[in-house]
Amino acid sequence: MAIERANAAGIGEDERKLALNHYDLNSRSLLGKGTEAEVYALSEDLVLKLYAGTNRLGKLEILKKFYDGLDDSALSVRVPRIYSIEPVENLLCVTERRFHGMPLESLIAKASDQQLNAIRPEYLRGVSELANLSVSYNPRTFLLFDEVGKSDIQTGDFHHFIRRMVLDKAESNKDTLSSTVKHFSRKLATLESLLDEPYVGNLFVIHGDYFPGNIIARDPDRLEAVIDFGSFTMFGNPLYDVATACSFFDMYGPRRDVIRDELIETAVSLHGEPSRKWLLAFMSSYALLSCDLYAGNEPLIENGHYAWARDLLNRDDYWKILGCK
Ligand SMILES: Nc1ncnc2c1ncn2[C@@H]1O[C@H](COP(=O)(O)OP(=O)(O)O)[C@@H](O)[C@H]1O
Ligand SMILES: [Mg+2]
């Protein structure tokens, strides 16, 4: 998946000042920084998001249309809305619906063990609920952002699309993967044959980056909104989102494996035993698809996120469940 992430850190001091002035704000209104944007409180009902550069204009326009077509009335969590997109200096200024609460990430950092036990099922209930989102148009591509039509739904079903991307990614990183993932070619063949089974369900909204930083909550066990759809958003099998949510809850902490396994059990209890193999297949697919996503100039093998992907692909107990001998 060729996904490039803009960098909020690329916003210069002067351009920030000018953009904030334009909206009668100053840096004290900062609510949070993500990987792509800086977010400011504009009013009780609005936030202002600043993006470095103007190259995301086309994507933000697609995102606005997508949000305009979403109906969240059947959900207990809210989803964003974009009201305006305006270039100011060398920045893009976006006004969005504001949610009150805290990023779930901050609440987790302060939570007791008992609270954490309540947060995890609520977190998974939130991602499962996204399957109730209705979209007002029929998507033409599996990826929300797909300027070149490489994920055209005419070319196959969702599973075949994921398979194609997985195989491309495996091919472009085959030397590193083969030398660091045990029995890599056997595992890839297993994944390939699992994803051969066509996906025949509806094309549900897949957030794609459902993790505690993209959730606003009032209390640890009461989710308010899921924000920041976009770069990873797709239309397809909703278990893809549940699978990645299990991995994203705690990606790099010392207890990540235990926590992921507990989340998988909770997800299986919500979605039934047959979901287990899809959760593991999509988790492994994501590990492959993202293995070089955050790589800088260093050799891939030394990249922290690559190490995460490698470790997940080396969980042979998962592969046993997937039928890899
Ligand atoms: N609509 C909103 N209402 C309230 N706070 C928000 C809103 N959008 C973003 N934030 C705050 O800004 C942070 C980063 O926003 P996010 O949209 O995830 O940016 P990025 O696209 O850079 O990841 C969030 O974790 C949250 O603290
Ligand atoms: Mg974010």
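Predicted model: local features only at pLDDT ≥ 70, side-chain atom pairs only at ≥ 80, totals over all residues.
1. Domain arrangement. The domain assignment divides the protein into domain 1, spanning 8-97, and domain 2, spanning 102-321. Taken by their C-alpha atoms, the centres of domain 1 and domain 2 are 25 Å apart.

2. Contact between the domains. On the side of domain 1, 17 residues are in contact with domain 2, where 20 residues take part. Among the elements of domain 1, α2 (57-68) and β4 (70-71) each contribute at least two residues to the side that touches domain 2, and α2 gives the most, with four residues.

3. The residues with which domain 1 touches domain 2 comprise nine nonpolar, four polar and four charged.

4. Shell around ligand 1. The ligand is surrounded by 20 residues, of which Gly 32, Gly 34, Glu 36, Val 39 and Asp 228 are the closest. Two or more residues of this shell come from each of the strands β1 (30-33), β2 (37-41) and β6 (91-97).

5. Composition of the shell. Which classes of residue make up the shell around ligand 1? The shell holds ten nonpolar residues, together with five polar and five charged ones.

Terms used:
Residues numbered from 1 in each chain as written. Chains lettered and ligands numbered in written order. Near = placed C-beta within 6 Å. Nonpolar A, V, L, I, M, F, W, Y, C, P; charged D, E, K, R; others polar. Domains from an automatic or database assignment. Contact = placed C-beta atoms within 7 Å.
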